[in-house]
Amino acid sequence: MAENKYSKNPRAEKLMGLRPEGIPIDFPEELGYLCPRCGKKHTLQWSEYKSFIWCEACNEDFPSPLCMPDLKRATEIFLDVISDGLTRAAEKITKETFLEAAEIVKNLNDYPSGADKYDAGWCDCAGEASKRLERKARGEDGRQD
Ligand SMILES: [Zn+2]
């Protein structure tokens with residue numbers, strides 16, 4: 001069956017995302033990678049998942065640091081993977097997700113005002129923080145009157 005031809009890793013897809021379409025410049029083999037399971041290198045291809053390498057012989061996606069026998073380079077690759085994952089997570093935090101989180105907190109704490117208050121609160125928060133900084137810069141104590 002076509003859909004079972006390649007290994008699937010939904011967690012890798014969710015956490016790291018799919019690799020953008022395009023023709024890679026180098027094959028993993030040319031960059032020194034080898035399969036951590038079978039030890040072959042000519043069977044490796046860039047996985048459909050970012051930061052993963054797929055072995056055709058094993059039909060399995062492996063995190064790219066595990067495919068790097070040079071431990072110093074593997075450590076650097078590992079840190080790149082962490083950095084990519086954190087960047088991806090940070091990009092997902094939008095005003096909408098903040099408001100969603102605020103709504104959840106509101107429900108938990110039974111906050112008396114409506115959700116639109118949080119919309120204004122998003123701006124008020126930043127505005128209040130900058131007012132406090134201004135007052136502090138002028139030598140005032142920074143507390144509200
Ligand atoms: Zn393999």
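Which residue stands opposite Ile 53 in E3? The residue opposite Ile 53 in E3 is Phe 62; the points below set this pair in its context.

1. Basis of the model. This is a predicted model, in which local features need pLDDT of at least 70, side-chain atom pairs count only at pLDDT 80 or more, and totals for chains, interfaces and linings use all residues. Residues are numbered from 1 along each chain as its sequence is written.

2. Confidence. The average pLDDT (the predictor's confidence in each residue, from 0 to 100) of the protein chain is 79, and 70% of the residues score at least 70. Over residues 114-123 the pLDDT stays under 50, and the model has ten contacts beyond four places in sequence for this stretch. Two residues are in contact if their C-beta atoms, placed from the backbone, lie within 7 Å. Where pLDDT is low, the predicted coordinates should not be read in detail.

3. Overall arrangement. The protein chain contains four helices and three strands, following the pattern α-β-β-β-α-α-α along the sequence. Helices (H or I, at least four residues) and strands (E, at least two) are DSSP runs, numbered from the N terminus. Of the 145 residues, 14% count as buried; a residue is buried if 20 or more other C-beta atoms lie within 10 Å of its own, exposed if 12 or fewer, and partly exposed in between, with C-beta atoms placed from the backbone.

4. The sheet. Three strands form an open sheet in the order E1-E2-E3, with antiparallel pairing. Strand E1 (44-46) and E3 stand at the edges, each with a single partner strand, so one side of each is left without a neighbour in the sheet. From one strand to the next, the twist averages 35 degrees (axes are lines fitted to C-alpha atoms, for helices over the stretch in contact, and angles run from 0 to 180 degrees between N-to-C directions). Two strands pair if DSSP finds at least two bridges between them.

5. Three bridges join E1 and E2; Gln 45 has Trp 54 as its bridge partner in E2, and Trp 46 has Ile 53. The hairpin of E1 and E2 has five residues between the strands, and Ser 51 in the turn has a positive phi of about 70 degrees. E2 and strand E3 (residues 60-63) are joined by four bridges, and Cys 55 is partnered by Glu 60 in E3. In this second hairpin, with four residues between the strands, Asn 59 takes a positive phi near 50 degrees.

6. Helix H2. Helix H2 (residues 71-92) reaches 32 Å from its first C-alpha to its last, close to the 32 Å expected at 1.5 Å a residue; the expected span is 1.5 Å times one less than the number of residues. Among its 22 residues, the count of buried residues is one. Val 81, in H2, counts as partly exposed because it has 18 C-beta neighbours inside 10 Å. Leaving aside neighbours within four places in sequence, Val 81 is in contact with Ser 51, Pro 63, Ser 64 and Pro 65.
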